Amino acid sequence: MDEDMSTIKMTNQGVPLAPSKAQWNELADLKRVAMADPAPIGPVVDIIIPVYQGIDETLACVFAAVGTTMKDACEIVVINDGSPDPVLMESLEELARQGLFTLVHNEQNYGFVRTVNRGMALHADRD
């Protein structure tokens, strides 16, 4: 990935900004290439990212997780913990359709611990 494509931009207050559409598209292309040459073993670790609000922070976090683990034997599981932010959910759904991560939805807000526990229960054979 190009240096400016992989860099998460920050506000003056140090808050991350959501990656651009071009950055996501490049990441999706790179992931497709990485998936074409799979590791000899399937996913052995799930990276669970519970989300609720904070579109910029959430998308920057997911982007960094996907970008740094493409060649690892892992699956990124993003769990919507009953978010009231439709723009965040639309963004995550679009990115999940590109195969960047698995998106799961809680029926309501369960809170961090219950949401992470739900994520860990998805694949009992993984760390």
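Axes here are lines fitted to C-alpha atoms, for helices over the stretch in contact, and angles run from 0 to 180 degrees between N-to-C directions. The axes of helix 3 and helix 4 come within 10 Å and cross at roughly 20°. Helices are DSSP runs (H or I, at least four residues), numbered from the N terminus. The model is predicted: local features need pLDDT of at least 70 and side-chain atom pairs count only at pLDDT 80 or more, while totals for chains, interfaces and linings use all residues. Residues are numbered from 1 along each chain as its sequence is written, and side-chain values use heavy atoms, with hydrogens and water left out.

**Helix 3 and helix 4**
- Helix 3 and helix 4 are therefore roughly parallel to each other (angles under 35 degrees count as such).
- Ile55, Thr58 and Leu59 of helix 3 are in contact (heavy atoms within 4.5 Å) with Val87, Leu88, Ser91, Leu92 and Leu95 of helix 4.
- This contact of helix 3 with helix 4 has six nonpolar, two polar and no charged residues (Ala, Val, Leu, Ile, Met, Phe, Trp, Tyr, Cys and Pro count as nonpolar, Asp, Glu, Lys and Arg as charged, and the others, Gly among them, as polar).

**Helix 2 and helix 3**
- Helix 2 (residues 21-36) and helix 3 (residues 55-69) have axes that come within 11 Å and cross at roughly 25°.
- That angle makes helix 2 roughly parallel to helix 3.
- On the helix 2 side, Gln23, Trp24, Leu27 and Lys31 meet Leu59, Val62, Phe63, Val66 and Gly67 of helix 3.
- The residues of this contact of helix 2 with helix 3 divide into six nonpolar, two polar and one charged.

Note on methods:
Helices (H or I, at least four residues) and strands (E, at least two) are DSSP runs, numbered from the N terminus. Angles under 35 degrees count as roughly parallel, over 145 as roughly antiparallel, 65 to 115 as roughly perpendicular and the rest as oblique.
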